Amino acid sequence: MEEVKELNVERLEVAASMLKAMAHPMRIAILKHLEGGKKLTVTEIHELLKIEQSTTSHHLGILRDKGVLCSKRDGKNTYYYLKFDILSQIVDCLHTCTCE
């Protein structure tokens, strides 16, 4: 029988914070567009989702602040991408569980 490891409360709090940040329809859509190592700008994301650029920036800021996304500046553009590729599996799981 496998031994149960002691739970690390700090790590669980970080994980819960990340999941809370992801728990919004637009943020899930953003993450879906960033799967597969894609790096997109705010402009590209707001055009894909057909939402205001300020709204897009707001959602990206939340995801970045909670450790879900990273950003990298290149000239005038800032590119956003998944901090951990494995987060795509959470998005895929949600898609699978909610689509018939």
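Start with K50, which sits in the loop between α3 and α4. (Helices here are DSSP runs of H or I with at least four residues, strands are E runs of at least two, and both are numbered from the N terminus.) Its relative accessibility is 74%, so K50 counts as exposed; exposed means over 50% relative accessible area, buried under 20%, and partly exposed in between, with a 1.4 Å probe and protein chains only. Check the backbone while you're there: K50 has a positive phi of about 55 degrees, though it is not a glycine. Most residues other than glycine have a negative phi.

A quick note before moving on: this is a predicted model, where local features need pLDDT of at least 70 and side-chain atom pairs count only at pLDDT 80 or more, while totals for chains, interfaces and linings use all residues. Residues are numbered from 1 along each chain as its sequence is written, and side-chain values use heavy atoms, with hydrogens and water left out.

Next, select H59 in helix α4. Is H59 buried or exposed? At 6% relative accessibility, H59 counts as buried. Leaving out residues up to four places away in sequence, H59 touches H24, M26, R27 and I30, where contact means heavy atoms within 4.5 Å.

I30 also takes you into the largest nonpolar core, which has 19 residues; I30 is among those with the most contacts inside it, along with M22, L31, L60, L63, V68 and L69. (A nonpolar core is a set of buried Ala, Val, Leu, Ile, Met, Phe, Trp, Tyr and Cys residues joined through side-chain atoms within 4.5 Å.) At least two residues of this core come from each of α1, α2 (25-33), α3 (42-49), α4 (53-65), β3 (77-82) and α5. Click on L69: setting aside neighbours within four places in sequence, its contacts are L31, L34, L60, L63, R64, Y80, Y81, L82 and K83.

Now go to V91 in helix α5. V91 counts as buried, at 3% relative accessibility. Draw a C-alpha to C-alpha distance from V91 to K32: the two are 6.6 Å apart in space and 59 residues apart in sequence. Beyond neighbours within four places, V91 is in contact with M22, I28, L31, K32 and E35.

Last stop: show α1 (residues 9-22) with α5 (residues 87-98). Their axes come within 12 Å and cross at roughly 50 degrees. The contact is made by M18, L19 and M22 of α1 and L87, I90 and V91 of α5.

How values were computed: Axes fitted to C-alpha atoms, helices over the stretch in contact; angles between N-to-C directions.
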